[in-house]
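Please walk through this model with the charged residues in mind. Start with the rule for pairing charges, then follow the pairs from helix to helix.

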Amino acid sequence: MKLFDRFRKPEWTHKDPALRLRAVQSSQDPALISILPDLVQTDPDAAVRSAALRRIDDPVLLERRLRGELDAGVAAAARKRLIDVLCSAAISADAGAAALLQSHDAELLARVAEDSPLAALRKLALERCERPTLLVQRCIHDPDPAIRFWLLERIEAPDALQKIADASRKRDKRLTRAAKDKLEAIQLATGDTKALSSRVMLICEALAKLARELPHDREQQLAALRDEWLALRDRVDADLQRRADGGLAMAAAALSAARGEPVPRAEAALPDVEAQTLSASELAETTIIAQPEPEPALATLIASLPSAAADDFDARIAAVREQASHYPAGDNLRIQGQHNDLRNALDSLYKQRKEAAAATQRERAAEQIKTLEAALQDGSVSVAREARDALGRSVPRELQQRLASADEALAKLERWQRWSGSKVRSRLCDEAEALYGSGVHPDALANKVKELKAEWLRLDAIEGEAAPGPEHGLTRRFNSLCHRALAPARPYFEKRRELRGDRSEQIAALIAEAADVPSELSALLALRKRVRDALPELDDASPEKRGQHGRQLRERMTEIDLALKAIRESAELAKRSLITRLRRELGTAD
């Protein structure tokens, strides 16, 4: 039996798929093991390819088969095996990264982000993943603190930040604090009234504590609190402004007293609401000087503020400041009352300007959201994406619900577009593959490939940034199939290019010959016939020289026609001269 076994073909090369499947599943023959990477790509039976995939450990090969396999069952087997390999303890970071960098499979990326024992692979999978819920989940549960804080930097949605802060309260205090700080910063940036009020109250408490305890770094703390308050002052109501201003003045006075400096009795002048508040030393050095009664122009200015143009805030604010600069504060009660009126007028103007800017922003955001919703209704992803980018991240609070719904609809539409785009691209690949060996005329073949490429570019334009790049597996496959389809027609095109080159040289020689117009009529007529016959033959010349040769031939034809016209006119003159001479001779004859 052993003698006959030497001449028997291996089962994995048998025509029967069942025998090949049995061999691939159970055989430990080194020859079979060595050709498993070839079997997963070349075996015609899907079950055999799936069985071979389950014995492959190379993640790059598995990922390549996942992208290039057309059979859904084999692709599922490749995905499952690749997930097992990438999530095993034996995988190296470099090999796993090489496979992940080429993959766009959402299920694969999610499983690796959750189950891989290597932090580098989990982070790489999360970088390529676009599922917000997965990012939030891994930010809460990932065992690596560095990845948790890295994910927190990518998350911007307030609801997601609040969920992270609540879920990690008992397991990671630092992450909870960071999530709350980021949430508060976003709320302050978007003008959330509750967050602004809460932050201002904390500033007031810190100022009161600073005035009571006077720590060693009190000057630095006062400067930091002052800067933070000035950044928020125009965004809160008048009550909070007065409370924080009073707390700041109290802290500055306490620090002045601690330095042994005199405490000021009153403010020096009308404060500039948008300028930096005086430091404690400047307040301490301010002297109080009694000033004369203000002129009636000051009261007239205050009375005229409400009737001025509603949108001319800068001019009105400048007028108030200019008038106030002539009336420094003093002990006179009337002057103090006038300055209080000016302060209230400025506060009112700043509030009106802020409300006008917010109204303009709301109108613009509402118009952009309306455009976004209309584009989503029409199914135009590119217009919807442009409208969404124009909106940015900061929108008025009353429009956030509409924006969230529009974002969800846009994400769904983009997913559908990517899915349908992948189907169309697969169809284009199938059509390009069917062109090989179809026996179509080379010109028709080239036109068909050109049409397929034009449709591929149209898909790229529609999908925008979501379109697969030149290194994507589907793009490389399409380009390869187009190149393969055109390969049999290349000798035809090269031969035609050679013939067109020869014809172009012949026409160029004729053009050079026709530059010297002959004087004899027969030679001129023969040359004109050759030039006229060359015009219809321009289709056989090189396309890049066709236009130039056509212009030159027409110019030569014009020159020849002018020469023929001159000969005809000369002959007509000679004929008339002969007739005149004959008439004269006949008139004198006997």
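A salt bridge here is a side-chain nitrogen of Lys or Arg within 4 Å of a carboxyl oxygen of Asp or Glu. The model is predicted, so local features need pLDDT of at least 70, side-chain atom pairs count only at pLDDT 80 or more, and totals for chains, interfaces and linings use all residues. Residues are numbered from 1 along each chain as its sequence is written, and side-chain values use heavy atoms, with hydrogens and water left out.

Take the whole chain before the pairs. The protein chain has 27 helices and zero strands. Both are DSSP runs, numbered from the N terminus: helices are H or I with at least four residues, strands are E with at least two. Of the 590 residues in the protein chain, 33% are buried. Buried means under 20% relative accessible area, exposed means over 50%, and partly exposed lies in between (1.4 Å probe, protein chains only). The accessible surface of the protein chain comes to about 35,000 Å². Carbon and sulfur atoms hold 53% of that surface. Accessible areas come from the Shrake-Rupley method with a 1.4 Å probe; for residues, only the protein chains shown count as cover.

Contacts come next. A contact means heavy atoms within 4.5 Å. Among contacts in the protein chain between residues at least 6 apart in sequence, 63% join residues at least 24 apart.

Now the charge pairs. The salt-bridge rule gives a count of 24. One of them links Lys448 to Glu431, with the closest N and O atoms 3.7 Å apart. Lys448 sits in helix H23 (residues 442–463) and Glu431 in helix H22 (residues 400–435), so this pair ties together parts that are 17 residues apart in sequence. How accessible is Lys448? Lys448 is partly exposed at 30% relative accessibility. Glu431 is also partly exposed, at 24%.

Glu433 forms a salt bridge with Arg477, and their closest N and O atoms are 3.5 Å apart. Glu433 lies in helix H22 and Arg477 in helix H24 (residues 473–486), so the pair ties together parts that are 44 residues apart in sequence. Glu433 is partly exposed at 35% relative accessibility. Arg477 is partly exposed at 22%.

A further pair involves Asp533 and Arg532. Their side chains meet in a salt bridge of 3.9 Å, N to O. Asp533 has 32% relative accessibility and Arg532 has 41%, so each counts as partly exposed.

Glu455 is partly exposed at 21% relative accessibility. Leaving aside neighbours within four places in sequence, Glu455 is in contact with Val424, Arg427 and Leu428. Glu455 and Leu428 are 27 residues apart in sequence, yet their C-alpha atoms are 8.4 Å apart.

Move on to helix H27. Arg556 is found in helix H27 (residues 543–588). Is Arg556 buried or exposed? Arg556 is buried, because its relative accessible area is 15%. Not counting residues up to four places away in sequence, Arg556 touches Ile511, Ala514 and Ala515. Asp561 lies in helix H27 too. Asp561 is partly exposed, with a relative accessible area of 29%. The C-alpha atoms of Asp561 and Arg528 are separated by 8.1 Å, although the two residues are 33 apart along the chain.

Arg81 is placed in helix H6 (residues 72–86). Beyond its neighbours within four places in sequence, Arg81 is in contact with Leu53, Arg54, Ile56, Asp57 and Leu62. Arg81 and Asp57 are 24 residues apart in sequence and 8.2 Å apart in space, C-alpha to C-alpha.

Finish at the surface. Arg169, Lys170, Lys173 and Lys180 gather in a patch of positive charge there. Patches are made of residues with over 30% relative accessible area and no salt bridge; like charges are joined within 9 Å, and nonpolar side chains (Val, Leu, Ile, Met, Phe, Trp, Tyr) within 5 Å. Lys and Arg count as positive, Asp and Glu as negative; His and the chain ends are not counted. A charge is placed at NZ of Lys, CZ of Arg, CG of Asp or CD of Glu. Lys180 is found in helix H13 (residues 173–189). Lys180 is partly exposed, with a relative accessible area of 38%.
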